[in-house]
Amino acid sequence: MNLVAVFNRDGGTFRTTDMDAYCAHSAAVFKDAGHQIECHVVAGKDVVATMERAAATPGIEGLIAGGGDGTISAAADIAWRSGLTLGVVPAGTMNLFARSLHLPLDIWGVLDVLAEGHVQQVDIASANGKSFVHQFSAGLHARMVRLRNSMTYGSRFGKMRASARAVLGVMFNPPVFQVDFDAGGKTGLRKVSAISVSNNEFGPDPLLFADNLTGGRLGFYIADPLTPGGVARLTLDILRGRMKENQAVTAMTATELELRFPRARKDVRCVIDGELMPMDRTVKLRIHAGELKVFVERKSVDEQVQDAGAGI
């Protein structure tokens, strides 16, 4: 395939990596696997523009993107709208989309997997036309991200410490707001503290990511109004992989979902794939089943048979 690689030199692991050596190694790995590839190492502020130019280049078939979850989310949107195949190099803090795709989290090892991998069509979701590969959230998570963003940190571990401090801050002041929802015919008007809509249902991992991105349904989770103790119990259940068993949580799935917020609130924010942004009073969410092409690990015949449940 004819590929372009764009690496965010300001993203997570790349900050402490010799990017000239990494770029040269990447080119060699892909060329050895029979691909044509051009590598670009750019500053974070230039990543999206560079990927957009690459996607508009005649003859380009795939985009290899390296960086944190924000970079990968932007790359997925560009690849989806351009019909390109996306390769994910996880260089961020959480690397949630890479985890959902079951890719190695080592930035060197993943190159071999991508270069020798095969193309799979997976789901991508959207909120009012804005795509996401992981989740849309409002309430508790949005307030936590807003608080974390007000702190100063300069490393991956600093970001993790800031996140922990933000969780504690939100725990003692959880939000409560109204939402009117229609989830594929299931309707309700509820007071809640948190809303989360995921690209396929979350698995049991405490990091809350989907184990399978080909199910064709949104995961929809709402949490009843929470006290500080309720936030603590929810946090503990998430860490134990039992979020859906928490008595304050209602979970369902849908292919389309509409959220309406009847009471006007000032400067309301949501989080889409980790990025804090303004939220409309009506949000329409959809799953776009099988519309995103990605590189995943090529499995042996024996592994494919096991996945199919044969030979037992």
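Me: What does the accessible surface of the protein chain come to, and what share belongs to carbon and sulfur atoms?
Reply: About 14800 Å², with 50% belonging to carbon and sulfur atoms. Accessible areas come from the Shrake-Rupley method with a 1.4 Å probe, and for residues only the protein chains shown count as cover. This is a predicted model, where local features need pLDDT of at least 70 and side-chain atom pairs count only at pLDDT 80 or more, while totals for chains, interfaces and linings use all residues. Residues are numbered from 1 along each chain as its sequence is written, and side-chain values use heavy atoms, with hydrogens and water left out.

Me: How much of the chain counts as buried?
Reply: 49% of the 312 residues. Buried means under 20% relative accessible area, exposed over 50%, and partly exposed in between (1.4 Å probe, protein chains only).

Me: And how many helices and strands?
Reply: Nine helices and 16 strands. They are DSSP runs numbered from the N terminus: helices are H or I with at least four residues, strands are E with at least two.

Me: Which residues have the most contacts inside the largest nonpolar core?
Reply: Ile64, Val89, Phe97 and Leu292, in a core of 54 residues. Helix H3 (residues 69–82) supplies the largest share of this core, seven residues. A second, separate core has 27 residues, including Phe177, Val197, Phe220 and Cys270. A nonpolar core here is a set of buried Ala, Val, Leu, Ile, Met, Phe, Trp, Tyr and Cys residues joined through side-chain atoms within 4.5 Å.

Me: What is Val89 in contact with, beyond four places in sequence?
Reply: Its contacts include Phe7, Phe14, Tyr22, Ile64, Ile72 and Leu111. Contact means heavy atoms within 4.5 Å.

Me: Sheets now. What is the strand order in the open sheet of six strands?
Reply: E12-E11-E10-E7-E14-E15, with antiparallel pairing. Two strands pair if DSSP finds at least two bridges between them.

Me: Which strands stand at the edges?
Reply: E12 (249–254) and E15 (275–278). Each has a single partner strand, so one side of each is left without a neighbour in the sheet.

Me: How many bridges do E7 and E10 pair over?
Reply: Five, in the antiparallel sense, with E7 covering residues 135–139. Ala138 stands opposite Ile195 in E10.

Me: Where is Asn199, and is it buried or exposed?
Reply: Asn199 is in strand E10 (residues 194–199). Asn199 is buried, with a relative accessible area of 1%. Residues that Asn199 touches, beyond four places in sequence, include Asp123, Phe132, His134 and Arg217.

Me: What joins the side chains of Asn199 and Asn200?
Reply: A polar contact of 3.2 Å. The side chain of Asn200 also makes a polar contact with the side chain of Asp123, at 2.9 Å. A polar contact is a pair of N or O atoms within 3.5 Å; within protein, one must be able to donate a hydrogen and the other to accept it, and residues adjacent in sequence count only if both atoms are side-chain atoms.

Me: Where is Asn200 found?
Reply: In the loop between E10 and strand E11 (218–223). Asn200 counts as buried, at 4% relative accessibility.

Me: What about the phi of Asn200?
Reply: Positive, about 75°, although Asn200 is not a glycine. Most residues other than glycine have a negative phi. Asp273 also has a positive phi, near 50°. Asp273 is found in the loop between strand E14 (269–272) and E15, and is buried with a relative accessible area of 5%.
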